[in-house]
Amino acid sequence: MGYEFHKASVLIVEDNQPMIDLIRSVVETFGFQNVYTANDGEEGFEAFCKYNPDLIISDWMMSPTNGIEMAHKIRQSNLSPNKYVPIILLTGFSQKKRVIEARDTGITEFIVKPFKAGDLYKRIENIIENPRKFVESEDFFGPDRRRRKNVDFQGPFRRNEDTSSDDVTSPFEEEDQVYKEIMKQQKKIEEEAKKYNDPLIIAFKNNNDKKDD
Amino acid sequence: MPNKENVSKARFYNPPNILKEKVGSGGLARNILEQAQKLLEENDIDFEPIAMTYMDALRRGLDHAYNPSPHTTRFELMEGLIHPIMQLKANGGMFDYPLVSRIADKMIELIEGATEPNEDLQEIIQAFHTTITAILHSKLKGTGGVKGDNLYYAICDACDRYFKKHKREHPYYG
C-alpha cells in the first residue's frame with residue numbers, strides 16, 4: 001500500500017492564482033483531498049491557525065507578507081497551532097545566499113521553480129521518511145539544517161544511483177541537504193550551459209583551470 | 001559554523017511526525033507521479049498576462065533604479081530589478097515558456113553579480129525587457145529552437161561583455 005495522502009491536509013500559499021491551481025492539481029494527483037489555499041503570508045498564517053494543516057507549500061515572494069515572514073511567524077508565534085509543521089518553500093532563487101536566508105528562517109525544504117512533480121514529491125517523501133530534528137537556540141528555532149538518513153527506508157524509487165555520493169547520505173555522515181541541493185542545481189546549470197557554449201561558464205572553467213595549473 | 005558556546009546552548013527536539021502518522025508508508029506509485037508531471041506539462045494557462053505584470057514591475061524597477069528617491073538604498077534598487085526577473089524565471093518554465101526561464105536565470109546571475117545600477121547594466125536590462133516582450137508577443141513557447149538559442153546567446157554575450165568590463169563585480173572574472 002502506498003502513502004494515504006487523503007488522510008492528511010496541505011496549505012498552499014501563493015499570490016499567483018494559476019500557480020495555485022497547478023500546485024493544487026499536482027498534490028491532488030498525489031492523493032491529498034484536504035487542500036487549503038491562501039494568497040500571501042498573512043492570509044497563509046490565518047489559514048494555518050484555522051485549519052492546522054499537516055504540510056505547507058509556500059511561495060517566497062509575496063506581498064504584503066512573504067513566505068519567509070510567514071514561516072518565521074509559524075515557528076515563533078504563540079498563536080501558532082504547530083510550530084513544527086513542515087514548510088516547503090518554492091522560489092525562483094537558486095543563489096546560495098538566498099537559500100541560506102530561507103534555511104535560517106526555519107524552512108524545512110526548498111524547491112527551485114520551475115520544478116517537476118518529482119521534485120515536489122521528493123521533498124514530501126523526505127519530510128515523511130527522513131524528518132529533521134528541531135533545534136532551539138538563542139537565535140534560531142527550526143529544523144536542524146543537517147539531516148541524518150533513515151536507513152530503514154526502502155521506498156519504491158530506491159535505486160543504486162539514489163545512494164550515490166550526492167544523495168542525502170550515509171547514517172554516519174551528517175550533510176547539509178540544502179547546500180547539496182544548491183550544488184546539484186549549479187551542476188545542472190553548468191551542464192545545460194556547457195551544451196550551448198555559454199561564455200560565462202567557459203570563462204569560469206578557464207579560470208578554474210588556471211587555478212589548477 | 002556555530003561556535004562551541006552556541007552549540008552547547010542549543011536544544012534538540014524530535015517533533016512528532018504527524019504527516020507520517022497520517023499517510024503511513026509505501027511511497028507513491030510511479031504512474032501517479034507521471035500523471036502529476038503530465039498535468040504540469042500540459043496545462044494550458046496563458047502565461048502572457050501573468051508575465052506582463054512582472055514586466056511592468058521590471059519597468060517600474062528600472063525607472064526607480066535610474067531615478068532613485070533620496071532615501072532609497074542600493075539594496076532596494078537592486079532588489080526592485082531582481083524580483084520581477086526572478087518571477088519570470090520561476091513561472092516561465094511552469095507555463096510552457098522555458099526560454100523565458102532560461103534567459104531570466106542568466107539575468108539574475110548578472111544582477112546578483114553586479115554591485116550597482118550603472119548605465120551598462122541598465123542597457124542590458126532594457127535589452128532583456130525587449131527580448132522577453134518579443135518572446136511573449138510572438139508566443140515563442142518551449143525552448144524556441146534555434147531562434148530561442150540565438151536570443152539566449154545574445155543575452156549571454158551581453159553579460160560576458162559586462163563582466164569583462166566590470167571584472168571586480170563577478171567572482172568568475174575578478
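## Fold of chain B

Chain B has eight helices and one strand, where helices (H or I, at least four residues) and strands (E, at least two) are DSSP runs numbered from the N terminus. Along the sequence the order is α-β-α-α-α-α-α-α-α.

This is a predicted model: local features need pLDDT of at least 70, side-chain atom pairs count only at pLDDT 80 or more, and totals for chains, interfaces and linings use all residues. Residues are numbered from 1 along each chain as its sequence is written, while chains are lettered from A and ligands numbered from 1 in the order in which they are written.

## Dimensions and burial

Along the principal axes, the C-alpha atoms fill a box of roughly 55 × 50 × 30 Å.

Of the 174 residues, 37% are buried (20 or more other C-beta atoms within 10 Å of the residue's own, C-beta atoms being placed from the backbone).

## Contact with chain A

The contact involves 48 residues from chain B and 50 residues from chain A; two residues touch if their C-beta atoms, placed from the backbone, lie within 7 Å. Elements of chain B giving two or more residues to this side include α3 (30-41), α5 (74-92), α6 (98-113) and α8 (145-165).

## Strand pairing across the chains

Strand β6 (residues 134-136) of chain A pairs with β1(B) in the antiparallel sense, over three bridges; pairing requires at least two DSSP bridges. Within β1(B), B:Arg11 stands opposite A:Glu136.

Conventions
A residue is buried if 20 or more other C-beta atoms lie within 10 Å of its own, exposed if 12 or fewer, and partly exposed in between; C-beta atoms are placed from the backbone.
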